Amino acid sequence: MGIVDGDGSAERFAVPDKGYIRWMREGRKQTLQEVADRMGIKPQSLAQMETAEPEGRIKIETLRLAAQALGCTFVYALVPNEMLAPRLTPGKMKLITEELAELARRKSGDAHAGHSRLDPLVIWEGEKSPS
């Protein structure tokens, strides 16, 4: 089994059947002894880690140390299964409000130039950068 779903999406990660440590060690054609030596542990301890990992009985710090010994970057993440609602901070809300107020001021100034206030407000058209 691979690391991501068969359709290539990152919605759900699938742990390799034998765990990441063993999957990476074998993929790099390294022995238990070689990796254990870099970790400063006995090969039997590494074998126990490789058994514990796919069962979910391993510490994050142990995974970090194994990744380092395997020449990997350890990444710990929570990936949502569905899209999360955007999080607007008060600062972002203030900026949006100020930008909309400025656009409204510009539009009301245009009303005196023969445009109706009911005309749509065009913020950006085509390939030119927005102004």
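Let's start with how the chain touches itself. Take the contacts in the protein chain between residues at least 6 apart in sequence: 38% of them join residues at least 24 apart. Keep in mind that this is a predicted model, so everything here describes a computed picture.

**The overall layout**

What kinds of elements does the protein chain have, helices or strands? There are five helices and zero strands, and from the N terminus on the order reads α-α-α-α-α. Of the 131 residues in the protein chain, 18% are buried. The protein chain exposes about 10,600 Å², and carbon and sulfur atoms supply 57% of that area.

**Inside: the nonpolar core**

In soluble globular proteins, nonpolar side chains tend to be buried together. Here, the largest nonpolar core has ten residues. They are Ile21, Val35, Ala36, Met39, Leu46, Met49, Leu63, Ala66, Ala69 and Leu70. Which elements give two or more residues to this core? Those are α2 (32–39), α3 (43–52) and α4.

Leaving out residues up to four places away in sequence, Ile21 touches Leu46, Glu50, Glu53, Ile58, Leu63, Ala66 and Leu70. Glu50, one of those contacts, turns up again in the next section.

**Charged pairs**

Side chains of opposite charge can pair when their charged atoms come close. How many salt bridges are there? The count comes to seven.

| Salt bridge | Closest N and O atoms |
|---|---|
| Glu50 and Arg25 | 2.6 Å |
| Lys94 and Glu98 | 3.8 Å |

Start with Glu50 and Arg25, which form a salt bridge. Glu50 sits in helix α3 and Arg25 in helix α1 (residues 20–27), so the pair ties together parts that are 25 residues apart in sequence. Are these two buried or exposed? Glu50 counts as buried because its relative accessibility is 7%, under the 20% cut-off. Arg25 counts as buried too, at 9% relative accessibility.

Now move along to helix α5, where Lys94 and Glu98 both lie, four residues apart, or about one turn of the helix. Lys94 has 55% relative accessibility and counts as exposed, while Glu98, at 40%, counts as partly exposed.

Arg105 and Glu102 are in helix α5 as well, three residues apart, so about one helical turn separates them. Arg105 is exposed, with a relative accessible area of 52%, and Glu102 is partly exposed, with 31%.

**A nonpolar patch outside**

Finally, have a look at the surface. Which residues form a nonpolar patch there? Leu88, Met93, Ile96 and Leu100 do, with about 370 Å² of accessible area together. To find Leu88, go to the loop between α4 (60–69) and α5 (90–111).

**Looking back**

Technical notes. Residues numbered from 1 in each chain as written. Predicted model: local features only at pLDDT ≥ 70, side-chain atom pairs only at ≥ 80, totals over all residues. Heavy atoms only, no water. Patch = residues over 30% accessible without salt bridge, like charges linked within 9 Å, V, L, I, M, F, W, Y side chains within 5 Å. Areas by Shrake-Rupley, 256 points an atom, 1.4 Å probe, with all protein chains shown as cover. Salt bridge = Lys/Arg side-chain N within 4 Å of Asp/Glu carboxyl O. Core = buried A, V, L, I, M, F, W, Y, C linked by side-chain atoms within 4.5 Å. Buried < 20%, exposed > 50% of the residue type's maximum accessible area, 1.4 Å probe, protein only. Contact = heavy atoms within 4.5 Å.
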